[in-house]
Amino acid sequence: MSIRFPRRPTRRGDRRRLHLPLPRLGLFLAVPALITFVCLLMVNGMVNGQIENDAFPHAHEGSDTSTHVPATVSEGGPVMDASSPTPHSVHIPANTIVLTFDDGPDPRWTPAVLEVLRRHGVPATFFVVGSEAARYPWLLQDIRAAGSEVGLHTFTHPDLSTSSRMRVDRELTETQLVVNGATGESSYLIRPPFSSTAGAVDDLDLASFQLTESMGYMTVLSDVDSRDWQRPGVDAIVRNSTPAPGVGGVVLMHDAGGDRSQTVAALDRLIPTLQQQGFRFTTPTVALGLPPNNRPAPLADRVLGQTVLAAVGAAGTVVQVLTWALVVVGVLILLRLALMIVIAIRHKRRRHRRDFSWGPPVSEPASVIVPAYNESANIASTVRSLVASTHPVEVIVVDDGSTDGTADIVEALGLPGVRVLRQTNGGKASALNNGIAHARHELVVMIDGDTIFAPDTIARLVEPFADPTIGAVAGNAKVASRRGLLGRWQHIEYVMGFNVDRRVFDLGHCMPTIPGAVGAFRRGILLDVGGVSEDTLAEDTDLTMAICRRGWWVVYQEHARAWTEAPASLGQLWRQRYRWSYGTMQSMWKHRHAVVEGGAAGRFGRRGLAHLAMFQVMLPLLSPLIDVFLIYGLVFLDPWTTLALWGAVLAVQFVAAFIAFRLEREPVGVLWALPLQQIVYRQVMYAVLIRSTITALAGIRLGWQKLRRLGGLDTLLARNAEGTEPAEQGPPTPGSVVEAPPPLTDGAVLQRR
């Protein structure tokens with residue numbers, strides 16, 4: 001499938017068409033796929049969920065609840081007849097042994113048991129757990145082929161005496177369907193989990209026997225317990241399994257639930273020993289003259305059973321593949337996290353060496369371009385912060401057809417060195433290109449209309465241009481408002497993610513993005529690459545990639561700090577990140593040929609683009625598996641082990657976040673919100689990426705999605721001041737505003753692609 005990105009994004013004027021829903025076809029396919037995936041996980045969870053073996057006691061063991069159990073049951077044998085008005089139990093005939101095996105089948109021990117039975121020519125009855133039988137249906141066929149019987153031991157091994165009628169019916173029906181599908185036969189013999197001898201039956205047990213009897217099943221207990229689940233040794237198992245001379249009995253053994261090597265060895269010794277003593281081996285139905293247990297099942301039940309087995313097989317395959325994918329994703333994410341932190345620390349130390357210098361001081365003035373569309377909430381604060389710069393600047397505010405008086409606000413400030421350019425609405429790229437065309441200086445700084453600079457930001461930002469190999473500089477963008485969970489989460493993301501990444505990309509000479517909030521460029525390079533392209537929604541990423549492909553080094557200047565207004569609601573965050581994610585994909589696709597190019601372009605392609613593709617698209621698309629398997633483990637596996645593993649991963653992330661915050665000299669107190677970020681915020685980012693990917697694959701045209709500004713950046717910065725943020729600026733000195741654009745300084749014509 002080819003990816004069909006739009007050649008140009010829709011303009012801001014098309015605002016009614018900007019918020020595009022998920023394509024109907026994509027939604028039509030996604031919902032059934034999601035439902036199918038959830039169902040497969042549930043099926044696999046039910047089949048593979050942890051079960052307790054019969055060694056665990058009754059939930060009601062030790063209570064005196066046998067007042068209504070008649071002596072015909074408690075003093076009888078192991079086979080129950082609970083259908084008559086007076087329930088009773090039946091003994092196995094003298095000198096008759098019924099071997100029974102619980103909790104299987106098991107792919108290792110069931111075949112070993114069958115081999116011993118075949119060698120000695122005796123049958124047995126295997127009471128299978130439905131969930132295990134669904135995983136290994138061929139073992140049921142082997143049991144029947146060996147001449148043994150298959151009985152039911154429920155699907156998930158619950159205590160039937162404390163289960164509801166609905167639960168009992170479901171447990172037996174599901175197990176019966178598995179037997180139907182695996183063997184084409186049915187079974188009416190059951191052994192309740194945690195059951196023992198007839199003498200141990202209490203009122204709850206008897207009630208459950210009567211319930212299952214009404215459903216058409218007959219209960220088979222035991223009267224000779226091998227106690228092999230204790231693994232007491234071969235001699236002890238043989239001794240425990242031997243009935244009194246001349247007495248018949250049902251022997252309880254296990255072919256699953258742990259190491260059964262002692263059981264297999266004891267069985268190989270027990271059978272010939274009892275045969276020499278005159279015992280015969282048979283099944284419960286033959287011993288008591290009952291109808292055959294395993295009879296052909298109706299066609300509908302066989303088909304339904306085979307469908308269940310197919311679903312279990314598919315679920316197992318899907319989960320197995322996803323499990324390996326989760327392992328790969330987890331390892332790569334943790335390795336990347338560790339590697340990024342190590343490289344970021346190296347970057348920090350290199351830039352803070354006493355002998356480090358960019359070169360001679362850069363004193364030439366800079367042109368600061370502020371593209372503005374309906375930025376009345378913040379534009380005054382933004383412009384005041386620029387005028388207060390310690391570096392000489394001219395400020396060019398390009399009003400992109402605002403309807404809220406943005407340009408009028410700037411003009412009314414009357415600040416010196418500030419020009420206002422008015423243009424019809426053409427989009428951010430158009431506004432930036434207009435500003436570049438009117439810039440009087442070689443050094444160009446770009447800033448968003450919702451951002452504030454510190455007084456020394458521009459001076460710091462242009463310092464690296466002392467090195468002639470550096471073509472552009474990425475500044476240190478920070479979240480202005482850190483109140484509320486959403487603000488704190490974004491603050492953590494900016495510090496732990498964006499800025500750490502930029503340190504790594506700096507050392508690797510493969511910077512993919514200079515943030516639109518704070519970046520500096522050589523004007524000649526901007527003209528050389530054709531200005532800011534309108535091909536993508538991430539014009540800053542597209543521009544940075546174009547500069548890198550031309551062989552210029554793009555660096556990160558951590559001391560050039562800027563505070564930007566972050567989205568204040570999940571809806572605004574969704575729209576912003578949707579545009580970022582989709583625009584980044586557009587830029588990657590546009591510059592994809594860099595991967596096979598030589599020189600600087602190839603270095604950028606094979607480092608920067610490959611990193612983005614792997615760690616910002618592919619792995620994040622698979623990362624929701626972490627949360628899916630967290631829920632899966634809590635529901636179907638050991639919840640404490642699951643939580644421990646999740647906690648270990650979170651601990652690694654916390655350590656990485658702590659180091660990142662120390663690198664940025666940010667207070668670490670906010671990191672208490674990190675666990676909540678992993679539970680809520682991260683899932684929103686996953687959803688954004690998934691939707692962006694679907695939009696890209698569908699070739700849908702996505703327009704610019706303008707955020708609603710809340711304003712008050714000066715107040716927010718004062719409230720969040722931590723010793724490094726700039727204080728609120730006082731009233732500026734009135735000055736002139738240039739309205740008419742001057743001609744281009746070099747006659748260059750910027751291409752608008």
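Reply: Helix axes are here lines fitted to C-alpha atoms over the stretch in contact, and the angles run from 0 to 180 degrees between N-to-C directions. The model under discussion is predicted.

With that convention, helix α19 (residues 570-590) and helix α23 (residues 674-698) have axes that come within 9 Å and cross at roughly 45°. On the α19 side, the contact is made by Leu570, Leu573, Trp574, Arg577, Tyr578, Ser581, Tyr582 and Met585. On the α23 side, the contributors are Tyr681, Val684, Met685, Ala687, Val688, Leu689, Arg691, Ser692, Thr693, Thr695 and Ala696. By class, the residues of this contact comprise 13 nonpolar, 4 polar and 2 charged.

Helix α23 also packs with helix α21 (residues 624-636), at an angle of about 135° and with the axes 10 Å apart. This arrangement, too, makes α21 oblique to α23. Pro624, Ile626 and Asp627 represent α21 in the contact, and Gln678, Arg682, Gln683 and Tyr686 represent α23. These residues divide into 3 nonpolar, 2 polar and 2 charged.

The axes of α12 (residues 379-387) and α13 (residues 406-413) come within 9 Å, with a crossing of roughly 40°. That angle makes α12 oblique to α13, and the crossing is right-handed. Here Ile379, Ala380, Val383 and Arg384 of α12 meet Thr406, Ile409, Val410 and Leu413 of α13. The contact of α12 with α13 contains 6 nonpolar residues, 1 polar residue and 1 charged residue.

Across the whole structure, a search finds 4 cavities of 30 Å³ or more. The second largest cavity holds about 110 Å³ of space. It is lined by 15 residues, of which Leu432, Met446, Gly516, Phe521 and Asp540 are the closest to its centre. Two or more lining residues come from each of α14 (428-438), β19 (519-522) and α18 (539-549). Among the contributing elements, α18 gives the most, with 3 residues. The lining as a whole divides into 9 nonpolar, 2 polar and 4 charged residues.

Two backbone details complete the account. Most residues other than glycine have a negative phi, and most peptide bonds are trans. Against that background, the peptide bond from Gly104 to Pro105 is cis, with omega near 5°. Pro105 belongs to the loop between β3 (96-104) and α3 (109-120). Thr154, a residue other than glycine, has a positive phi, near 70°. Thr154 is placed in the loop between β5 (149-152) and α6 (165-183).

Definitions and conventions: Residues are numbered from 1 along each chain as its sequence is written. This is a predicted model: local features need pLDDT of at least 70, side-chain atom pairs count only at pLDDT 80 or more; totals for chains, interfaces and linings use all residues. Side-chain values use heavy atoms; hydrogens and water are left out. Helices (H or I, at least four residues) and strands (E, at least two) are DSSP runs, numbered from the N terminus. Contact means heavy atoms within 4.5 Å. Ala, Val, Leu, Ile, Met, Phe, Trp, Tyr, Cys and Pro count as nonpolar, Asp, Glu, Lys and Arg as charged, and the others, Gly among them, as polar. On a 1 Å grid over the protein atoms alone, a cavity is a set of points where a 1.4 Å probe fits but cannot get out, and a pocket is an open set with protein on both sides within 12 Å along at least five of seven lines; lining residues have an atom within 4 Å of a point. Grid points are joined across faces, edges and corners, and a volume is the space filled by probe spheres set on the points. Angles under 35 degrees count as roughly parallel, over 145 as roughly antiparallel, 65 to 115 as roughly perpendicular and the rest as oblique. A crossing is left-handed if the near helix is turned anticlockwise from the far one by less than a right angle, and right-handed if clockwise.
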